[in-house]
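Welcome to this short tour. Please open your viewer and get ready to select a few residues by number.

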Amino acid sequence: MGVRGLMSFVEDHSYELFADLKLRNTKIIIDGYALFHQLCFNSNLELRYGGDYDSFADVVQKFFESLFSCNICPYVVLDGGCDISDKKLTTLKDRAREKIQTAHSLSVGGGGYVCPLLIREVFIQVLIKLQVCFVQCFSEADRDIMTLANHWNCPVLSSDSDFCVFDLKAGFCPLNSFQWRNVNTVKGTRDSYIPAKWFSLDGLCRYFSNMNKALLPLFAVLCGNDHINLPIMETFLSKVRAPPGAASSTGRRCHRVLGLLTWLSRFADPAEALDNVLKHLPKKNRENVKELLCCSMEEYQQSQVKLQHFFQRGTYDCPEALGLGLPEWVLVALAKGQLSPFISDALVLRRTILHTQVENMQQPNAHRIALPIRQVIYGLLLNVSPHLENVSFNALPPRPPAFSEVERIHKNIQTSVVDAVAPPKDHSDLSKLTELSLARRQTLLLETLKVKQSVLDPIPPSLKLPIAVSCYWLQHAEAKAKVHHLQALLLGMLMGPLHAIINNPGIVDPAPRHAQCLTAP
């Protein structure tokens with residue numbers, strides 16, 4: 001989510017809307033999606049050649065070590081799959097198109113920012129290594145982050161402008177001004193702190209004549225966010241003007257933000273303001289627009305998900321997910337980040353979005369080679385327990401009979417229909433998949449990769465999976481791989497272990513410095 005133009009506006013008015021903060025001795029709720037993008041794009045990493053993952057992992061580790069040195073206990077909350085209502089599909093497709101254009105620019109030597117495909121997985125690996133508490137939500141995380149931060153009365157760290165709209169008890173620290181690389185010491189003590197900027201909703205409301213903070217969700221949906229974009233509202237918005245004397249250098253979106261907030265500050269509550277908005281629309285459209293605006297405003301209310309239960313007891317209580325009747329082991333694995341949001345999208349929507357990377361846009365996308373693997377995954381997911389098929393869930397769209405994939409074709413996106421491959425009979429129920437013996441699961445994996453066990457017998461255990469995947473790649477690559485390609489791949493596999501041996505002689509598994517999760521009240 002994100003309110004168009006709002007972050008630029010508050011940053012342009014930072015003197016009035018932000019306070020300096022010396023952050024230490026506190027819990028903090030971190031928007032994981034925002035953080036790994038910020039660290040990836042602002043650390044001088046190489047983004048053109050498939051992912052500078054070791055350097056990225058070092059940056060992530062240094063970030064959390066800065067927090068630990070200031071006695072800051074982080075709780076990272078990651079977005080999950082797409083909303084089951086699929087209301088953001090248009091926005092997601094628009095972003096996919098934009099990402100393709102940026103990836104193309106990077107591929108021919110231009111500028112831009114596109115995350116390498118495995119950046120999220122590397123981020124999670126570092127969290128696990130450092131024992132940082134984290135959870136992967138079932139869908140979008142913003143409301144869950146707000147609810148947890150208010151429960152623990154601690155600040156949120158993000159770059160999402162929606163956190164300028166949420167009513168956060170302990171406020172919001174933007175990532176752009178979070179100086180984690182510049183840890184300071186409190187004068188006269190040994191205590192360390194991170195300089196940060198702090199935003200509170202009360203400060204924004206004071207700036208606009210002490211407006212009612214309950215008006216902010218209406219402002220967000222009128223201004224436009226990821227969930228709502230009503231062309232019919234342009235009639236009303238075109239009449240909203242910034243007050244006389246507003247800086248002429250302010251961009252069009254900032255002018256809209258300033259004008260809309262100034263206009264809304266005249267009203268006592270959202271109901272009065274909404275009635276005045278609807279007066280500017282044709283009568284035939286008013287009821288539909290009102291219903292849509294009211295529904296969208298609900299996105300800024302408290303979530304029913306209690307993430308504190310997950311961090312305290314390991315139980316993920318999400319009514320939305322529980323109402324779908326998914327197997328318990330799937331829900332737990334999703335919450336722990338052991339399964340990617342790709343799985344929940346495929347399970348619930350039977351549609352996945354294959355993310356673009358920097359590559360030759362005239363060639364098939366990098367995901368094509370793994371299509372047979374995904375077809376097996378889809379086959380396993382089709383064998384969900386029968387009770388899921390009978391679940392009545394108002395927000396759930398009709399489930400199509402096949403899976404669809406949104407993928408890059410040249411420099412555009414296309415939705416392709418993919419048939420699932422039926423798994424063996426002993427995989428007939430997804431809820432019992434984890435009950436299969438390890439040997440049977442390994443056999444299924446090798447059958448999917450078309451690799452015989454005898455090929456892997458001489459291989460050290462830590463390299464069996466990389467070698468099996470390499471065999472699959474050699475068999476399925478459209479362009480024939482040459483010896484130097486294989487040599488480069490094998491060298492890449494060995495670099496990590498060799499680097500560890502050289503830099504840590506005699507240490508088999510050096511224990512990392514890690515966070516000790518605080519016992520939550």
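A cavity, on a 1 Å grid over the protein atoms alone, is a set of points where a 1.4 Å probe fits but cannot get out, and its lining residues have an atom within 4 Å of a point. This is a predicted model, where local features need pLDDT of at least 70, side-chain atom pairs count only at pLDDT 80 or more, and totals for chains, interfaces and linings use all residues. Residues are numbered from 1 along each chain as its sequence is written, and side-chain values use heavy atoms, with hydrogens and water left out.

**Stop one: the second largest cavity.** Select G81, C82, I84, F138, S344, D345 and V348, which line this cavity. It holds about 40 Å³ of space, a volume being the space filled by probe spheres set on the points, which are joined across faces, edges and corners. Its lining has 4 nonpolar, 2 polar and 1 charged residues (Ala, Val, Leu, Ile, Met, Phe, Trp, Tyr, Cys and Pro count as nonpolar, Asp, Glu, Lys and Arg as charged, and the others, Gly among them, as polar).

**Stop two: the largest cavity.** Now select L47, G50, V114, C115, P116, Q357 and V358 to see the lining of the largest cavity. Its volume is about 40 Å³.

**Last stop: a helix.** Go to helix α23, residues 483–503, and pick out L494; helices are DSSP runs (H or I, at least four residues), numbered from the N terminus. L494 counts as partly exposed because its relative accessibility is 39%, between the limits for buried (under 20%) and exposed (over 50%), with a 1.4 Å probe and protein chains only.

Technical notes:
On a 1 Å grid over the protein atoms alone, a cavity is a set of points where a 1.4 Å probe fits but cannot get out, and a pocket is an open set with protein on both sides within 12 Å along at least five of seven lines; lining residues have an atom within 4 Å of a point. Helices (H or I, at least four residues) and strands (E, at least two) are DSSP runs, numbered from the N terminus.
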